[in-house]
Every structure is written in structure tokens, then in C-alpha cells.
Amino acid sequence: MHLFAKSGLMLKCSFPADRCSVPCQRVKGHSTWSNHSRNHLILTGTTLQPGHGKTPKDAASVRATHPIPAACGVYYFEVKIISKGRDGYMGIGLSAQGVNMNRLPGWDKHSYGYHGDDGHSFCSSGTGQPYGPTFTTGDVIGCCVNLINNTCFYTKNGHSLGIAFTDLPPNLYPTVGLQTPGEVVDANFGQHPFVFDIEDYMSEWRTKIQAQIDHFPVGEREGEWQAMLQKMVASYLVHHSYCATAEAFAKSTDQAVQEELASIKNRQNIQKLVLSGRMGEAIETTQQLYPSLLESNPDLLFMLKVRQFIEMVNGTDSEVRCLGGRSPKSQDSYPDSPCPFSSPTHKSSCTQVSLTGFESNCCNGVSSSKAPASAHSGKTCPSSLAGGDLGSMNGTHSQQQPSTSSEVDMEVDHFTNGTTESSSNGFLNGSSTHGVEPEDCDTDMEVEPAQFKRQLCGGSQVAIEKMIHFGRELQSLSEHLRRERGKNATNRKMLRDAFSLLAYSDPWSSPVGYQLDSIQREPVCSTLNSAILETYNLPKQPPLAQAVGQAAQCLSLMARTGIGSCAFASVDDYLH
């Protein structure tokens, strides 16, 4: 990869992957010729030439400002001979810090060089060994350091000359030395294409390292490892509420699901509400199914409320979505979902999911022909639909049509990674399959794409007023938390960024408009899901994710200790 210096010079090498980055890609760093080691040399940009030396005592070298990173994998640079000068006493190679720069590279201990006048390689000695051809004006000499096997080879005009040095020590600097008048060289640290195909060489080593990983011997522990991996996969599916998949996988691997299916389904539906931007419903459902969760986690509640404010601006939250047309840029990219099932510890014949401050006959995108139920902190979802057979919002039918457990299972099990395929309550993504037409609320929101225009809170003045009132309550909650729990920089920034959306006529195109993107719902969803799992004494993070993170950290640590092969190993390569 490229290492950029302050002067714009670059050194070619490959660094190990960091977190989710691709290994051996090009990244910025610092390296150029050091001003402290030029001695009698004249440096002009990337061009180097000597003074008026006539004897070996007049030789001088220059090295880079930074050593080759210990775990860069493969490091490469090239030097073009502009003029061989009088005698062509030029040396190209490597040296350690502290090596005498008044000598050509290779003549002293921890110094290595390939010289142009005789084609010899010099390894910490004044006596050279026959290595390659001489080089002169017009030639391009490359120096490649392989930090996987600690070897160095040179190239001439794009062709490899074979291994020159082995068992190289770490922390060497690229070095060039000149001696007689008229010698001029130009270094290419990556600012121009290389003559030698270094990418092909790196690809070859990447393949070798990956083959070593693939053929790592497992031996007699294969069965033990397989069982452990199956448990990790099962817990991952449960963690992310892939209910049907988790159940099928557990059955096929003869395992027990760690969490009750009803609980998984509850979490699944809460996640669907969050991911569809319906934060008011998500908060209300969470409070109903897990009454002590948000009370004992005020910062979590505050985060959810801030996200609810953002969704109000977006026009997707339950509080405003039925008060006017939806914002066409509402980011409502996730399908609607039925209300959650009742928790095993909160069974009732008709569990009502109340929506804070919801003052219309609309619930979960479906309009009821009946009058809204009485409010406590807001309006509740209607318990029935005129002309339909939806008995209650917890997924059960009315007493006239009692549901069976298989129907309940089918309702959620037909979700495929967040997409509803079918629903036993007669509604598919908000549209009835029993001939019941949604009334006022959803009908008004059906606007032709050509008429779409991004508007605050979906363009409803009533919704805007409700959003402003909610913002004042959010500010009061923030002040209360500060008095009770002290200052919280994270909460303060979160609220400031959310309120900043109102400073722009078009929040979606503003510098803080990223908050309105649907992808910003995912960390909120993950945090809430982890908090719910903690109430069941289940891990906040699935073991599979922990193992992946640990592997990435191990690679990073190994790279810092100088293991060059880490440059060609990436966890992501095996995940995809």
C-alpha cells in the first residue's frame, strides 16, 4: 500500500487488515528521504545526486524518515537511474537506524545493498557476493522486502533477480547511496506505477497464507469444534430473533433453543417496530412486555425517545404518521409488522398495545372504524376491526374465532429476516386479505410517487405541533436526568443533534440529515435488543460475534508484534 509523506512521496507496502478493512489495500502514512541523513547528497524532490566525492570516503547515503512497518507483509520501492555518473558507484538497499550514512548501503553491520558498478550484493560487509547484473543509466531497480519470511529480493526493469538477503532484522529503512559526481537517481515510492508487478507478487503470498489457514490441522477435536460452532450459530439466531430459523436449526442439530419461542417472537416484533421507524409503538410495547426494563435504564429510555423525535421529523413515528401524509423520504424501508405477542408472564385474553399520545383511529398502519379506546397516557389500539376477524393486537383472534398455537406460530414464523410473507390475522404489510379496506388514515397517505415532496412530519401542521410538544417533553426529561444522574455528554450530544434537524428547511439534505437515514435505526434496535436479553440473563452480544471480534483483535495484536503474514489474513474474507 502507499505511505504518503509530507512532501507527497510514497512507499509501497501492504499493511494488515484493521477491523473490517480489506488486507493489503493502500493506506496513507509517512515516509520520505530523511533530511538528517543526506550528508553530501543533494536532494531535489525525489531526485538524488552526490556532491563531488572521488573516493569511498566521499560516499554518502540517505534513508527514509520511517522504518518499514514490522507487519506490513510486503514492502516495495523502485529507483530509476537517471545518470550513472562517472563510475556508477551506486547502492540501493536497506539499513537499520544508527548505521553510518557516510558509506554505501551494505558495507556496515545491519546494512544491506545491491551495487550498480559490479552487480554484487553486500550484507553487512565490505566484501560483496555475486548477485545480479550491473545497472546503469535508464535502468529501474526495485527492492522488495518480504516480512513474512524476512527476505529481500531486487528487480531490474520489472524482472525479479531472486533472493538477495535472508533472515533480515526488523525496523529497516529504505536506503540509497551514491559516491561519484554525475550520479543521479529518482525514487518511486508509489507516486507512479511500478515497473515490477508487485500486486501479482502480493496476490501469490495472499493465496499461500489463506491456504495455510484453510489447511490448519484440526485432528481429533473436529467433533468438539463442530458442536461448539453449532451452539454459537444457534445462539446467534436466537439473539437476532430469527425465530423460525433458530427453531429449525436447533431441530436439525439436536439442540434446545435457549430462549422461549414466545419471548423470541416478542423481541422480533419490537425490533421490526424500531426498524420501521415506529418508535412510539416500540417503546410502548417494551414497557408493556418488560415493565421494569426502561424504568431501570433511564438512559436507554432517553435514547429511544430521542430516536422517536427523529422519526417524528421523518414522518414515520406512530405519533405523527396518521395525522397527515407520510414524508416520501421517511426511510420507511422496512415492512409493517403485526403487534407483538403477549409475554408468557403477561397473558391476557386481549392485550392492548397503547400508543403514547396517539390520537387517531389508526394503529400499526391499519385504521379502525370504531371509536378509539379511552386514553391513559395516550390512545390504545382498537380491539377489533369492523367486518374483519382480527380479535386483538397480540396476535389472537376474538372469542368467536379462537386461535390455536399453530396459528400464532405461523404469524411470526413467516417473517424472513424482517420481511413479512404472510400473517394469520388477515393483514399483509398493512393491507387486508379479508376484504377490510383501511380507512381515513392509510387512505390519505397513499400518494402517487410523482407528488412526493419531502416535508417535515409528513407535511401535517398538527403533526408538527405534536412534534414540538414532544421535543419540549424530551428537553424536560434531559434536564431531569441531568439533575438525578449528573451530566452525560452522550445524551447531551444526542439531543443537540436531534434538535438540530429543525434548523434546516430540508433536514434530509442538511449536515445532520444522516440521522434520518433508516440505517441509523439499527444501533438503536441492537441496544434495545441487548437490554432485553440481559433481563433473561442472556449475553448482550452473541458468542459468534464475540469470536469474530476476538479474531480481528488477535490479528491486530499479532500485526503489532511483527508477524508479517497478518497482512494477508482477514476475518472478513471468511465471513463472505
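**Figure 1. The hairpin of S8 and S9 in the predicted model.** Four residues lie between the two strands of this hairpin, and glycine 119 takes a positive phi near 75°.

**Figure 2. Strand S8 and its pairing with S7.** Strand S7 (residues 91-96) and strand S8 (residues 111-115) run antiparallel and are joined by 5 bridges. Glycine 93 stands opposite glycine 113 in S8, and glycine 91 stands opposite histidine 115 in S8. Of the 5 residues of S8, 5 are buried. Both faces of the strand are covered: Ser111, Gly113 and His115 are buried on one side, and Tyr112 and Tyr114 are buried on the other.

**Figure 3. The open sheet that contains S7, S8 and S9.** Strands of a sheet pair through backbone hydrogen bonds, either parallel or antiparallel. Here the pairing is antiparallel, and the 6 strands follow the order S5-S14-S7-S8-S9-S10. Strand S5 (60-63) and S10 are the edge strands, each pairing on one side only.

**Figure 4. The largest nonpolar core.** In soluble globular proteins, nonpolar side chains tend to be buried together. The largest core of this kind in the model has 44 residues. Ile92, Leu94, Tyr154, Leu168, Ile198 and Tyr201 have the most contacts inside this core. Strand S6 (residues 74-84) gives the most to this core, with 6 residues. Leucine 168 touches Leu94, Tyr112, Val145, Asn150, Thr151 and Cys152, with residues up to four places away in sequence not counted.

**Figure 5. Isoleucine 68 and its surroundings.** Isoleucine 68 lies in the loop between S5 and S6. The relative accessible area of isoleucine 68 is 3%, so this residue counts as buried. Leaving out residues up to four places away in sequence, isoleucine 68 touches Tyr75, Leu94, Val145, Leu147, Asn171, Leu172 and Pro174. Isoleucine 68 and leucine 94 are 26 residues apart along the chain, and their C-alpha atoms are separated by 9.6 Å.

**Figure 6. The aromatic pair of tyrosine 76 and phenylalanine 196.** A pair of aromatic rings is described by the distance of the centres and the angle of the planes. The whole structure has 14 aromatic pairs. In the pair shown, the rings of tyrosine 76 and phenylalanine 196 are tilted, with 5.6 Å centre to centre and 45° between the planes. Tyrosine 76 is in strand S6, while phenylalanine 196 is in the loop between strand S15 (183-188) and helix H1 (198-214). The pair links distant parts of the chain, 120 residues apart. Tyrosine 76 and phenylalanine 196 are buried.

**Figure 7. The aromatic pair of tyrosine 131 and tyrosine 154.** These two rings are edge-to-face, with 5.9 Å centre to centre and 70° between the planes. Tyrosine 131 lies in the loop between strand S10 (129-130) and strand S11 (140-146), and tyrosine 154 lies in strand S12 (residues 151-156), so the pair ties together parts that are 23 residues apart in sequence. Tyrosine 131 counts as buried because its relative accessibility is 18%, and the cut-off for buried is under 20%. Tyrosine 154 is buried at a relative accessible area of 0%. Both tyrosines belong to a cluster linked by ring pairs, made of Tyr112, Tyr114, Tyr131, Phe135, Tyr154 and Phe165.

**Figure 8. Two charged side chains over aromatic rings.** Arginine 63 lies over the face of tyrosine 173, at 5.1 Å from the ring centre. The charged end of lysine 208 sits over the ring of tryptophan 205, at 4.3 Å from the centre of that ring.

**Figure 9. Model confidence in the whole protein.** The mean pLDDT is 74, and 67% of the residues reach 70 or more. For residues 1-31 the pLDDT stays under 50, and the model has 115 contacts beyond four places in sequence for this stretch. The pLDDT is also below 50 over residues 325-451, a stretch with 260 contacts in the model beyond near neighbours in sequence. The secondary structure of the protein comes to 14 helices and 23 strands. Of the 576 residues, 49% are buried.

Methods
Residues are numbered from 1 along each chain as its sequence is written. This is a predicted model: local features need pLDDT of at least 70, side-chain atom pairs count only at pLDDT 80 or more; totals for chains, interfaces and linings use all residues. Side-chain values use heavy atoms; hydrogens and water are left out. A nonpolar core is a set of buried Ala, Val, Leu, Ile, Met, Phe, Trp, Tyr and Cys residues joined through side-chain atoms within 4.5 Å. Buried means under 20% relative accessible area, exposed over 50%, partly exposed in between (1.4 Å probe, protein chains only). Contact means heavy atoms within 4.5 Å. pLDDT is the predictor's confidence in each residue, from 0 to 100. Rings of Phe, Tyr and Trp (its six-membered ring) pair if their centres lie within 6.5 Å; planes under 30 degrees apart count as stacked, over 60 as edge-to-face and the rest as tilted. A charge sits over a ring if NZ of Lys or CZ of Arg is within 6 Å of the ring centre and within 35 degrees of the ring normal. Two strands pair if DSSP finds at least two bridges between them.
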